Amino acid sequence: MITIELNDEQRELLWGFARPHTAAHLAAGVEPPTVVLQIELGGPYGNEASAVIGSARRGLGEVVVQVHAGGTH
């Protein structure tokens, strides 16, 4: 299992990014878009998260990623 921790500010950035896209699609009577949470592991800046909707992207900053042993396959 993998746990990704977003702080309060990052959650607000994520939902603030997603809400207008979702509202616009619903107002147009079409299915709301998929929000992708992209995590980049390692690298010079640590573990970075971004929210992606189509070609739009919002950086969320550094996140804590924990990998837990066990679980099912």
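**Entry 1: the core.** I started with the largest nonpolar core, and it has 9 residues: L6, L14, F17, A18, A49, A51, I53, L60 and V63. Helix 1 and strand 3 are the elements that give two or more residues to this core. My working terms: a nonpolar core is a set of buried Ala, Val, Leu, Ile, Met, Phe, Trp, Tyr and Cys residues joined through side-chain atoms within 4.5 Å. Buried means under 20% relative accessible area, exposed over 50%, and partly exposed in between, with a 1.4 Å probe and protein chains only. In soluble globular proteins, nonpolar side chains tend to be buried together.

**Entry 2: ground rules.** I am reading a predicted model, where local features need pLDDT of at least 70, side-chain atom pairs count only at pLDDT 80 or more, and totals for chains, interfaces and linings use all residues. Residues are numbered from 1 along each chain as its sequence is written, and side-chain values use heavy atoms, with hydrogens and water left out.

**Entry 3: helix 1.** Helices (H or I, at least four residues) and strands (E, at least two) are DSSP runs, numbered from the N terminus. Helix 1 covers residues 8-27, and I find 28 Å from its first C-alpha to its last, close to the expected 28 Å; the expected span is 1.5 Å times one less than the number of residues. At the N-terminal end, N7 is the cap, with a side-chain oxygen 3.1 Å from the backbone nitrogen of E9. After the helix comes G29, with a positive phi near 75°.

Entry 4: Which residues of helix 1 are buried? I noted Q10, L14, F17 and A18. Their cover includes strand 1 (2-5), strand 3 (48-53) and strand 4 (56-62). Leaving out residues up to four places away in sequence, L14 touches L6, V35, A51 and L60, contact being heavy atoms within 4.5 Å.

**Entry 5: a salt bridge.** I looked for salt bridges (a side-chain nitrogen of Lys or Arg within 4 Å of a carboxyl oxygen of Asp or Glu), and the structure holds 1. R11 pairs with D8, the closest N and O atoms being 2.2 Å apart. The two sit 3 residues apart in helix 1, so about one helical turn separates them. R11 is partly exposed at 33% relative accessible area, while D8 is exposed at 56%.

**Entry 6: S50.** My last stop was S50, in strand 3. Is S50 buried or exposed? It is buried, with a relative accessible area of 11%. Beyond its neighbours within four places in sequence, S50 contacts V36, L37, Q38, R57, R58, G59 and L60.

How values were computed
Polar contact = N/O pair within 3.5 Å; in protein donor to acceptor, adjacent residues only side chain to side chain.
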